[in-house]
Amino acid sequence: PGPAAPSGAQCLEHDCFGIFWAARPFAEASAECERGGGHLMTVRSTVAEDAIALLLQNRSGRLWLGLRLPLPLACTEPAQRLRGFQWVTGDRRTDYSNWAPSERRCGERCVTVSRELRWEERRCEEPADGFLCEYNYAGSCPRLPPAEGLPVTYATPFGARGGDFLALPPGSSAVVPALGLELRCDEEGESEGLRWGRAAPGAWPCRLANGGCEGACGEEGGRPRCSCPDGKVLAPDGRGCSSPCAGAPCQHHCVVADATFLCMCESGYRLAADGSSCEDDDDCAVLPRLCEQVCVNTEGGFECRCHRGYEMLEGRCRPVSRCYEAPCEQRCEDVPGGYRCGCFPGYAVDPRVPTRCLLHCNRSQCPAQCDPHSLSCECPEGFLLDDDADSGQVCVDIDECDMNFCQHNCTNRPGSYECHCHAGYQLLDQNHCVKIPEDDREGEYSGDFGPGPQTPIPSRTPPKAEHLHPGVLVGIAVGALSAALALLALGYHLAKKRCRPPATMDYKCSGPHEKEMGLQPVASGCAA
């Protein structure tokens with residue numbers, strides 16, 4: 001038999017269903033649906049069942065549905081919703097089934113639907129009375145609004161014809177014999193949807209679907225014509241309405257001006273000579289004082305920067321402070337080309353390490369630096385802590401000259417001392433003097449002391465030495481012993497002053513020939 005034509009069809013928004021009253025086995029019926037762009041009908045809900053009832057129109061017979069027992073499965077499974085069958089679309093998804101009672105059966109089986117809408121199993125090679133096809137579309141055109149004296153006949157792409165369709169799939173046609181007009185459901189204009197239209201531009205009579213006009217339809221001199229609202233212009237088909245900016249070559253923005261358009265550019269750009277392109281505006285050249293120091297033009301704008309040695313802070317260029325990275329222990333000062341370290345009062349910059357600070361006192365006594373938490377105090381080098389003073393804990397200068405550090409003469413200074421040599425001698429190190437050789441003695445003296453008065457030459461020979469009286473020798477011995485006891489008492493007093501009990505702070509005591517400053521706490525007591 002040749003190709004079958006549908007004897008009826010019904011379309012919804014996205015689906016169409018056609019009924020074919022032609023005896024075909026299952027395979028041939030399926031091929032017939034595929035030739036029209038569809039497949040045998042799937043019934044997944046009551047909506048599809050209602051469409052079948054409408055198409056049957058109380059006619060009796062059995063029609064193929066799109067259900068088949070897949071191979072190599074040879075038997076049905078009555079306990080399952082689809083009894084082991086599978087839709088021709090390759091899935092088993094459904095929310096609905098309406099099986100006629102049946103036992104487990106084996107062999108190649110397919111499904112038909114009857115007038116009572118019951119699903120029945122039957123052999124696939126046996127012809128049924130007809131079949132149902134399903135077609136799926138992305139959208140549809142609504143049926144044309146009825147107009148008196150203008151009957152319309154529709155035709156679908158899969159061959160169904162009639163005048164009672166609720167919706168028409170794309171590619172459908174509508175014929176209006178009274179006007180000699182044929183319309184087609186297709187995409188038109190900017191609507192990006194399906195509309196009724198025709199190849200010839202312009203409106204058709206306004207009484208049928210507003211003449212196809214998207215805007216208003218009017219007839220002047222018996223000729224229909226479409227018009228568009230303000231801000232839109234008539235599309236090339238003479239029926240649709242589009243913005244003048246549709247397809248405009250503007251690079252940035254398009255602005256509607258009556259029936260035409262104007263191109264505009266974003267801030268930082270200007271319109272090029274072609275009237276549509278946008279060129280970057282050199283803001284730094286237009287406004288020379290935009291930035292405090294350096295202005296750099298960017299695409300669509302500008303950027304402010306600073307000279308070397310400056311940084312941007314809150315929109316202003318400020319000199320970069322080297323003190324942020326300086327290793328100063330206490331204070332830092334920016335100077336041209338770098339930084340200078342400083343110290344708090346009572347401290348001085350270490351001459352050997354300029355970034356460090358040392359305790360410093362340029363008087364005979366200064367307040368001690370005490371930690372309120374550990375109750376420990378520190379003194380500069382060359383000073384001792386004295387907590388017997390009425391004014392609190394102070395640092396008292398050590399008189400190194402009383403300790404006989406210098407071999408000849410000594411000058412005490414705050415925190416230090418200075419040795420001097422007699423005439424004819426020079427300093428060998430900090431403390432000791434050596435005799436100047438005869439060749440180097442002329443005009444050279446050591447320290448602050450110049451040569452003494454010249455020793456007079458005796459005018460006569462001195463008398464011969466006489467033996468001392470024993471009483472004189474006893475007196476000399478007693479005097480020497482008294483002087484030794486006095487020196488011993490002085491040494492004890494100085495040692496007691498330098499060495500405090502551990503309750504305050506212990507300091508390492510210095511020996512008689514090498515100076516040790518009182519800055520180093522020790523755990524044990526001081527040596528005498």
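1. Start with C75 and C106: the torsion about their S-S bond is about 100°, so this disulfide is right-handed. Their sulfur atoms sit 1.8 Å apart, and a disulfide here is a pair of cysteine sulfur atoms within 2.5 Å. The two cysteines are 31 residues apart, with C75 in the loop between β4 (63-68) and β5 (86-87) and C106 in the loop between β5 and β6 (109-113). Strands are DSSP runs (E, at least two residues), numbered from the N terminus.

2. A word on the basis: this is a predicted model, where local features need pLDDT of at least 70, side-chain atom pairs count only at pLDDT 80 or more, and totals for chains, interfaces and linings use all residues. Numbering runs from 1 along each chain as its sequence is written, and side-chain values use heavy atoms, with hydrogens and water left out.

3. How covered is that first pair? C75 is buried at 13% relative accessible area, while C106 is partly exposed at 46%. Buried means under 20%, exposed over 50%, and partly exposed in between (1.4 Å probe, protein chains only).

4. The whole structure has 23 disulfides. Among them is C361 with C366, sulfurs 1.7 Å apart; the torsion is about 70°, so that one is right-handed too. Both C361 and C366 are buried.

5. For a left-handed case, look at C379 and C395, whose S-S torsion is about -85°. C379 lies in the loop between β34 (377-378) and β35 (383-386), and C395 in strand β36 (residues 394-397), so the bond ties together parts 16 residues apart in sequence. Both cysteines, C379 and C395, are buried.

Note on methods:
Helix = DSSP H or I, 4+ residues; strand = E, 2+ residues; numbered from the N terminus.
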